[in-house]
Amino acid sequence: MTKLLLAEGDFSYAATQTDHPLVACGFDSLKNVIKKYGKKTEDRLNEMKALNRVTLAFGVDATKTMHKGALPYVKNINEIEIRYPHTGVKSVASNRILLTGMITACTRLMVSPLCTDGCTLSLTLKTTGRYNEWAGDIRLLARVEHLTLLKVSRPTSPAGYNHVTTSGSDEGVQLDQSCTWTFQRTEHCQIPLEKLPEWLTKEVGEQCERCEVCNKIFSSGEDLIKHLEGKGHRKKLERMDCPEGRRKLKRQREKEVRDELAAQELVRPNRPKSKKELRMERKKRRF
C-alpha cells in the first residue's frame, strides 16, 4: 500500500512519513522549492531520494487531473493526504476555488486504477474565523463528489515537521485550532461519521467580522472599527448614498441569496438535473 502526499511545501512532513511506501508531491518545481526554503530543504530532499520506498514529484497541480500522467508511476494508493492548502493570497474566492478543485481532482484519482477501493482522502485545515470563510464545514463540498465523512481529529505534529507558508517563511500552527477531515467514497464507507463533535461544531461556526458595505472581512473587531473609521469606507458610503448606489447594493444582496440557494440545490440528493446539465450531457455523448 502507498501513501500519497499532495501540496507539500518544504517536504518536512513528508520526511516524517518515510517508514512506508510514499509518494510526495509539491506544486513548485525543484528549483523553486530549494530557492524558497533553503539549503536545509535541499539536504532533506537528497536524503529522501536515497530511499527506495520514497518517490518525489515536483510541479504537480493538485487541482488538475492527476491519474493521466501527472503523477509518477505508482499503484495501490490507499491514502491521500493534503495539509493546510492555501493559495498564498488573502482571498476567500481563490482559496475556495483551490479547495474545491483539490477535492474534485482527488475524487477522480480515487476512482482510477491507481487507488484501492477503500482509499481515503485526508484534508487538514485551520478552523479559525478567516479560514472558515472559505473552508469551514467542508462536508457539503465533499458530498457533491460522493464522498462521505469517515472521521475527524486534531492533526499531529511529528518530530521534525515544520509548518511553513507558501512564501517560504516559518509559521507555527496551533493544533487546537485545526482539524483533519478524513473522507471515503460513499460506496466504500461502512461506518460514516453522522455528527460532528461539539468542539468542531463550535470552531467551524466562528465567522469573521464583516463590513457589508465594502464586502470585506476582518480577523477582529478592532480591525473592523479601524476600517469603519477609514477614508475608504466613508467614500464608499458617499457613493452608496444615492439611488444608483442603493440599487447596486440591492442587486449585490440578491445575487448572494441566489448563489446560496444554488449551492444548496447542488448538494440536494436525487434532485432533477437542470437544463444546462442536460445540455452538457448531450454534448459529451456526441464526442
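A search of the whole structure finds 9 salt bridges, a salt bridge being a side-chain nitrogen of Lys or Arg within 4 Å of a carboxyl oxygen of Asp or Glu. Side chains of opposite charge can pair when their charged atoms come close. The model is a predicted one, in which local features need pLDDT of at least 70, side-chain atom pairs count only at pLDDT 80 or more, and totals for chains, interfaces and linings use all residues. Residues are numbered from 1 along each chain as its sequence is written, and side-chain values use heavy atoms, with hydrogens and water left out.

One of the salt bridges joins the side chains of aspartate 10 and arginine 44, at 3.9 Å from N to O. Aspartate 10 sits in the loop between S1 and S2, while arginine 44 belongs to helix H2 (residues 39-49), so the pair ties together parts that are 34 residues apart in sequence. Helices (H or I, at least four residues) and strands (E, at least two) are DSSP runs, numbered from the N terminus. Aspartate 10 counts as buried at 6% relative accessibility, and arginine 44 is buried too, with a relative accessible area of 12%. Here buried means under 20% relative accessible area, exposed means over 50%, and partly exposed lies in between (1.4 Å probe, protein chains only).

The side chain of serine 12 makes a polar contact with the side chain of aspartate 10 at 3.0 Å. A polar contact is a pair of N or O atoms within 3.5 Å; within protein, one must be able to donate a hydrogen and the other to accept it, and residues adjacent in sequence count only if both atoms are side-chain atoms. Serine 12 is buried, with a relative accessible area of 1%. Phenylalanine 11 is also placed in the loop between S1 and S2, and its relative accessible area of 0% makes phenylalanine 11 buried. Phenylalanine 11 has a positive phi of about 65° although it is not a glycine.

Histidine 146 lies in the loop between helix H5 (139-144) and S6.

Other salt bridges follow. In the pair formed by aspartate 28 and lysine 36, the closest N and O atoms are 2.8 Å apart. Aspartate 28 counts as buried at 19% relative accessibility, whereas lysine 36 counts as partly exposed at 28%. Glutamate 203 forms a salt bridge with arginine 154, with 2.5 Å between the closest N and O atoms. Glutamate 203 lies in helix H6 (residues 198-204) and arginine 154 in the loop between strand S6 (147-153) and strand S7 (178-185), so this pair ties together parts that are 49 residues apart in sequence.

Strand S8 (residues 209-211) includes glutamate 209, which is partly exposed with a relative accessible area of 39%. The C-alpha atoms of glutamate 209 and glycine 129 are separated by 8.6 Å, although the residues are 80 apart along the chain. Cysteine 211 is placed in strand S8 as well, and counts as buried at 3% relative accessibility.

Arginine 282 is found in helix H10 (residues 275-286) and is partly exposed, with a relative accessible area of 42%.

For the protein overall, there are 10 helices and 9 strands. Buried residues make up 39% of the 287 residues. The C-alpha atoms fill a box of roughly 70 × 50 × 40 Å, taken along the principal axes.
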